[in-house]
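Hi everyone, thanks for making time for this.

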Amino acid sequence: MTGAYPVLHVGPVQPTRPWARTYRGTPASVPEARRFVGELLAGCPAREALMTCVSELCANAIAHTASGRGGVFMVEVDCPRDGVARVAVTDDGGPSVPAAGRLDLMAEGGRGLAMVAACTTRWGFRDAYPGRKVWAEACWPVAVPSPGRRPKLTARVLHVPPPVRPNGSAPGPLRGGAA
């Protein structure tokens with residue numbers, strides 16, 4: 001069972017292109033990726049859950065794939081429609097596929113993907129040569145208009161400028177592209 005909410009959408013969908021940033025496969029990159037997601041999802045009802053998920057997915061990329069052995073990983077943030085936000089981490093590849101283990105509170109590890117599954121609407125992975133893209137998606141209720149009334153369109157979550165360093169420069173290359 002997940003923390004799922006029904007996805008209700010009315011009106012035309014204008015999908016956004018995901019924001020993406022590449023990081024070195026080191027533990028120091030995890031808080032940077034978390035900040036990137038947090039800044040882009042400011043005002044999003046699922047912000048905290050997705051920040052937690054991206055921390056776990058980045059840590060997994062570093063611990064279980066070639067990303068953590070001198071490689072890199074890429075973090076993407078996307079809002080494909082109203083009431084839905086998605087984060088994804090693409091790694092450099094590893095020997096096993098991501099799998100949510102049994103939630104054993106006494107184990108030292110192995111709870112991360114179970115936690116991702118519990119605090120999002122859905123998650124999954126797909127091959128992304130040479131590695132894998134692991135994603136998590138959260139949904140929240142959106143307003144449904146009364147019959148016969150046209151819905152008011154609201155601002156989209158990702159319509160914010162990219163994060164900026166205190167010195168005014170951009171923190172790294174942002175690339176938009178299809179997920």
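Predicted model: local features only at pLDDT ≥ 70, side-chain atom pairs only at ≥ 80, totals over all residues.

Numbering starts from 1 along each chain as its sequence is written, and side-chain values use heavy atoms, with hydrogens and water left out.

Now the layout. The protein chain has three helices and six strands. By helix I mean a DSSP run of H or I with at least four residues, and by strand a run of E with at least two, numbered from the N terminus. Reading from the N terminus, the order is β-α-α-β-β-α-β-β-β. Of the 179 residues in the protein chain, 40% are buried. Here buried means under 20% relative accessible area, exposed means over 50%, and partly exposed lies in between, with a 1.4 Å probe and protein chains only. What about contacts, meaning heavy atoms within 4.5 Å? Among the contacts in the protein chain with a separation of 6 or more, 69% are between residues 24 or more positions apart.

On to the helix pairs. Two packed helices are described by the angle between their axes and the distance between the axes. The axes are lines fitted to C-alpha atoms, for helices over the stretch in contact, and the angles run from 0 to 180 degrees between N-to-C directions.

Helix α1, residues 29–40, packs against helix α2, residues 47–64, at about 150°, and their axes are 9 Å apart. That angle makes α1 roughly antiparallel to α2. For the cut-offs, under 35 degrees is roughly parallel, over 145 roughly antiparallel, 65 to 115 roughly perpendicular, and the rest oblique. The crossing of α1 and α2 is right-handed. A crossing is right-handed if the near helix is turned clockwise from the far one by less than a right angle, and left-handed if anticlockwise. On the α1 side, the contact includes Val30, Ala33 and Val37, and on the α2 side Leu50, Met51 and Val54 are among the residues involved. By type, the residues of this contact of α1 with α2 divide into nine nonpolar, three polar and three charged. The nonpolar class is Ala, Val, Leu, Ile, Met, Phe, Trp, Tyr, Cys and Pro; Asp, Glu, Lys and Arg are charged; the others, Gly among them, are polar.

And how do α2 and α3 pack? Their angle is about 155°, with the axes 10 Å apart, and α2 and α3 are therefore roughly antiparallel to each other. The crossing of α2 and α3 is left-handed. The contact includes Cys53 and Leu57 of α2, together with Leu113 and Val116 of α3.

Staying with α3, its residues Gly112, Leu113, Ala114, Val116 and Ala117 are buried. What covers the buried residues of α3 includes α2, β4 (122–128) and β5.

Next, the core. The largest nonpolar core has 31 residues. A nonpolar core is a set of buried Ala, Val, Leu, Ile, Met, Phe, Trp, Tyr and Cys residues joined through side-chain atoms within 4.5 Å. Those with the most contacts inside this largest core are Val37, Leu41, Cys58, Phe73, Val75 and Val89. α1, α2, β2, β3, α3 and β5 each supply at least two residues of it, and α2 gives the most, with eight. Leaving aside neighbours within four places in sequence, Val37 is in contact with Leu50, Met51, Val54, Val75, Val77 and Val87.

Beyond its neighbours within four places in sequence, Ala46 is in contact with Ala138 and Trp140.

Pro130 is found in the loop between β4 and β5.

Methods
Contact = heavy atoms within 4.5 Å.
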